[in-house]
Amino acid sequence: MFHFGVDYYPEQWPEDRWPLDADLMVRAGFTCVRLAEFSWGVLERAEGKLDFEWLDRAVELLAGRGLKVVLGTPTASPPSWLMSADPSQFRVSEDGRQVSYGNRRGYCPSHPGYRAHCRRIAAAMAERYGNHAAVIGWQIDNEFGDRCYCPSCAAAFRRWLEVRHGTLEELNRRWGTAFWGHCYRSWEDIPVPLSSGGAPNPGLALDFRRFVSDLYAEFQREQIDVIRARSPGRFVTHNFMGFGSDTLDQHRLARDLDLASWDNYPRTQWRMIEDIDPAAAALSHDATRGLKNAGFWVMEQQAGAAGWELVGVPPRPGELALWAWQAIAHGADGVLFFRWRTARHGTEQHWHGLLDHDGTPSRRYAEIAAMGAALATAGARVEGTTVAAEAAMLVSTESRFSLQVQRTNPGLDYNGQFSTFYRSLYRLNVPADVIRGTGSLYTYRLI
């Protein structure tokens with residue numbers, strides 16, 4: 001079944017408004033709603049005092065209208081009481097400064113205390129909703145990508161290095177630490193590659209990137225195991241940020257997921273140009289499909305002008321549906337729009353939804369409702385869409401990480417070069433798989 005839906009935040013709106021929202025969703029042809037991925041501070045206002053009653057009512061209301069639900073584990077946005085109780089849980093950025101409370105993903109992914117709380121809230125949600133008939137899947141956290149350089153990560157990095165290299169002698173040999181006489185005589189002497197430390201040993205910087213990818217996979221796996229034990233038969237995904245997101249090995253993280261998904265925003269405050277490159281979104285669709293060599297979801301599809309401090313360029317008439325149809329053409333099995341209604345408070349007041357701030361259906365809502373009607377007519381023809389690719393582009397995270405460490409030439413940009421070749425295929429209407437290339441390649445005419 002193809003899933004057409006929207007991301008909804010009932011906790012941000014009066015409850016007497018929820019029934020109208022649900023009715024409008026059904027009228028738009030939606031079949032699926034994502035909930036709760038930023039709701040930890042509402043679900044647990046003080047440690048151990050869980051309040052699921054409002055979420056119970058929201059899930060039941062949507063289920064009563066025939067809508068399916070994807071629940072997000074809310075670990076990307078921890079409650080203030082949790083972080084203030086132990087400030088060592090905060091992430092440290094590459095310049096060595098600890099982040100403060102107020103944004104998302106401000107946590108350290110290696111901190112044992114924070115991870116214990118993440119397992120606890122994920123388990124509590126899965127125990128309550130894991131077997132609910134309307135719940136079809138789970139999203140782990142939200143948009144991984146931030147590297148942490150805190151003392152906890154430094155210690156975990158050294159343990160990871162010891163497993164990888166075995167001995168200090170072997171590490172010194174592989175990294176070539178005889179250069180500048182930087183030979184390590186103790187595991188405790190090995191630093192994390194802070195930007196304030198100048199140009200690090202390339203071997204250290206490359207291994208740190210590999211380590212962080214493994215670390216997030218471990219962080220993600222803990223929640224996956226908790227959910228699968230309590231919510232059998234439901235899919236588990238994570239919403240990546242497309243091909244251009246290059247701080248983690250997405251293939252490594254996707255290995256443990258049932259399906260891959262990503263968040264597609266062609267026009268934002270950071271892309272203020274009027275004309276966009278459709279090949280960029282196509283590349284991210286194909287790259288996400290290549291993570292599992294299977295159908296994928298767009299968990300967040302732009303629904304209006306998008307920006308934080310500034311208002312982005314509004315989508316032109318027809319573009320919202322065009323972007324969604326493009327995803328389907330590249331193999332998407334689900335498209336959910338972010339978001340349902342434009343927030344009246346907070347950082348994303350300028351990040352518009354299908355409904356405006358006043359809650360009235362907009363031109364954007366009408367456009368997507370028309371697409372919903374078309375999907376209902378298309379029926380099985382868009383279910384399980386496959387792509388018959390004639391070409392394959394082999395993506396290498398190792399090469400990408402290496403060029404982040406030592407670019408070698410000012411014009412040598414991995415993402416830029418890869419995109420240039422892909423765009424040539426796109427303009428020639430040559431379908432391409434973007435894959436790691438570990439399996440058979442004999443079905444392709446061009447690699």
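Which residue in S6 is the bridge partner of valine 70? The partner is glycine 137. The structure is a predicted model, in which local features need pLDDT of at least 70, side-chain atom pairs count only at pLDDT 80 or more, and totals for chains, interfaces and linings use all residues. Residues are numbered from 1 along each chain as its sequence is written, and side-chain values use heavy atoms, with hydrogens and water left out.

**The sheet**

- Nine strands form an open sheet with parallel pairing, in the order S7-S6-S5-S2-S1-S11-S10-S9-S8. Strands (E, at least two residues) and helices (H or I, at least four residues) are DSSP runs numbered from the N terminus, and two strands pair if DSSP finds at least two bridges between them.
- Strand S7 (235–237) and strand S8 (239–240) are the edge strands, each pairing on one side only.
- Strand S5 (residues 68–72) runs parallel to strand S6 (residues 135–139), and four bridges join them.

**Strand S11 and its partners**

- Six of the seven residues of strand S11 (residues 332–338) are buried, where buried means under 20% relative accessible area with a 1.4 Å probe, protein chains only.
- Strand S1 (residues 3–7) is joined to S11 by four bridges in a parallel arrangement, with glycine 5 opposite leucine 336.
- Strand S10 (residues 296–302) also runs parallel to S11, through five bridges; glutamine 302 has phenylalanine 338 as its bridge partner in S11.
- A right-handed β-α-β unit is made by S10, H11 and S11; right-handed means that, with the strands pointing away from the viewer, the path from the first strand over the helix to the second runs clockwise.

**Packing of H11 and H12**

- Helix H11 (residues 319–329) packs against helix H12 (residues 363–378) at an angle of about 35°, with axes 8 Å apart. The axes are lines fitted to C-alpha atoms over the stretch in contact, and angles run from 0 to 180 degrees between N-to-C directions.
- Residues of H11 in this contact (heavy atoms within 4.5 Å) include Trp325 and Ile328, and those of H12 include Met371 and Leu375.

**Nonpolar cores**

- The largest nonpolar core has 101 residues, of which Phe30, Leu35, Ile190 and Phe337 touch the most other members. Such a core is a set of buried Ala, Val, Leu, Ile, Met, Phe, Trp, Tyr and Cys residues joined through side-chain atoms within 4.5 Å.
- Helix H8 (residues 202–230) gives the most to this core, with 10 residues.
- A second, separate core of 14 residues includes Ala282, Leu403, Tyr422 and Leu425.

Definitions and conventions:
Buried < 20%, exposed > 50% of the residue type's maximum accessible area, 1.4 Å probe, protein only.
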